[in-house]
Structures are given as structure tokens and as C-alpha cells.
Amino acid sequence: MSKKLVFISFICVLLFGCDKKKSGISGKVVNPVSGEGVYNALVSFVQCESNGADCKEIVIGQVYTGQSGEFVIDKRVASKSKTKWITVSKDNKKLAQKDNVGLNDKNIVIEITP
């Protein structure tokens with residue numbers, strides 16, 4: 001009986017652990033009028049703790065944009081099955097949100113008017 005319980009517990013741990021995967025996203029925050037990159041904007045990679053109506057946000061990673069507006073959020077672990085998005089803030093104001101971001105999306109362009 002105890003061997004069976006240990007085996008079932010092991011299988012459950014494997015199944016629940018399979019939803020996590022390393023992620024890395026990158027892109028650029030730009031001003032749509034000038035086409036220039038926006039420096040020092042806070043980019044947050046976010047997911048829901050669980051899918052459904054009650055979304056408790058979990059920040060996967062955050063970074064400030066560089067001189068040309070580029071950002072990289074790399075070597076983070078996120079859930080494959082949960083909803084993910086990016087928010088961009090500057091001077092404590094949320095300026096943009098990009099929904100349905102994948103675990104390893106690259107060359108993401110987010111337009112904001114600072």
C-alpha cells in the first residue's frame with residue numbers, strides 16, 4: 001500500500017511540475033510618433049497565478065529599457081498554460097499592455113507615448 005501511495009505521489013509531482021518552463025522575452029519600447037526608443041521605461045512580464053476570472057498577478061520578471069528602448073527578460077521560469085502579458089510603465093504610470101505573450105517571444109514592439 002505505501003509503495004503505491006509513493007508512486008502515485010511521484011506521478012502527481014511530475015504532472016504538476018511539467019507546466020513550468022524557462023522563458024525569455026525581448027523587444028523594444030518605441031514612441032509611435034518619432035519612432036525612437038523610449039529610455040528607462042519599466043517593462044513587466046506578468047502571468048495569472050491560475051486561469052479563470054480571479055487573476056492574481058505574478059510578476060515573472062521586470063527590467064528597465066536601455067538607451068534605445070530595448071529590453072530583455074531572460075532566464076525566468078513561467079507556466080506554459082497560464083495567460084501572460086507585458087505592461088510598460090514610466091514615472092509610475094501604466095502606459096501600455098501587450099496581451100497573450102508567449103514564453104519565448106522575441107522582437108516584441110510596444111508603442112507608448114511618454
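Is Ser-23 buried or exposed? Ser-23 counts as buried, at 3% relative accessibility; here buried means under 20% relative accessible area, exposed means over 50%, and partly exposed lies in between, with a 1.4 Å probe and protein chains only.

Before I continue, a word on the basis of these values. This is a predicted model, in which local features need pLDDT of at least 70 and side-chain atom pairs count only at pLDDT 80 or more, while totals for chains, interfaces and linings use all residues. Residues are numbered from 1 along each chain as its sequence is written, and side-chain values use heavy atoms, with hydrogens and water left out.

Let me return to Ser-23. This residue is found in strand β1; strands are DSSP runs of E with at least two residues, numbered from the N terminus. When neighbours within four places in sequence are left aside, the contacts of Ser-23 include Phe-45, Ile-60, Ile-73, Asp-74, Leu-103 and Asn-104, where contact means heavy atoms within 4.5 Å.

I turn now to the sheet that holds β1. Three strands form an open sheet with mixed pairing, in the order β4-β1-β7; two strands pair if DSSP finds at least two bridges between them. Because β4 (70–79) and β7 (108–111) each have a single partner strand, they stand at the edges, and one side of each is left without a neighbour in the sheet. Neighbouring strands of this sheet are turned by 35° against each other on average, direction ignored; the axes are lines fitted to C-alpha atoms, and angles run from 0 to 180 degrees between N-to-C directions. Strand β1, residues 20–30, pairs with β7 in the parallel sense over four bridges. Within that pairing, Lys-28 has Val-109 of β7 as its bridge partner.

Next comes the other sheet. Four strands, in the order β3-β2-β5-β6, form an open sheet with antiparallel pairing. Its edge strands, β3 (57–64) and β6 (93–99), each pair on one side only. Seven antiparallel bridges join β2, residues 42–48, to β3, and Val-46 has Val-59 in β3 as its bridge partner.

Finally, the disulfide. The structure holds one disulfide, defined as a pair of cysteine sulfur atoms within 2.5 Å. It is formed by Cys-48 and Cys-55, whose sulfur atoms are 2.0 Å apart. The link of Cys-48 and Cys-55 is left-handed, with -105° about the S-S bond. Cys-48 is buried, at a relative accessible area of 6%, whereas Cys-55 is partly exposed, at 33%.
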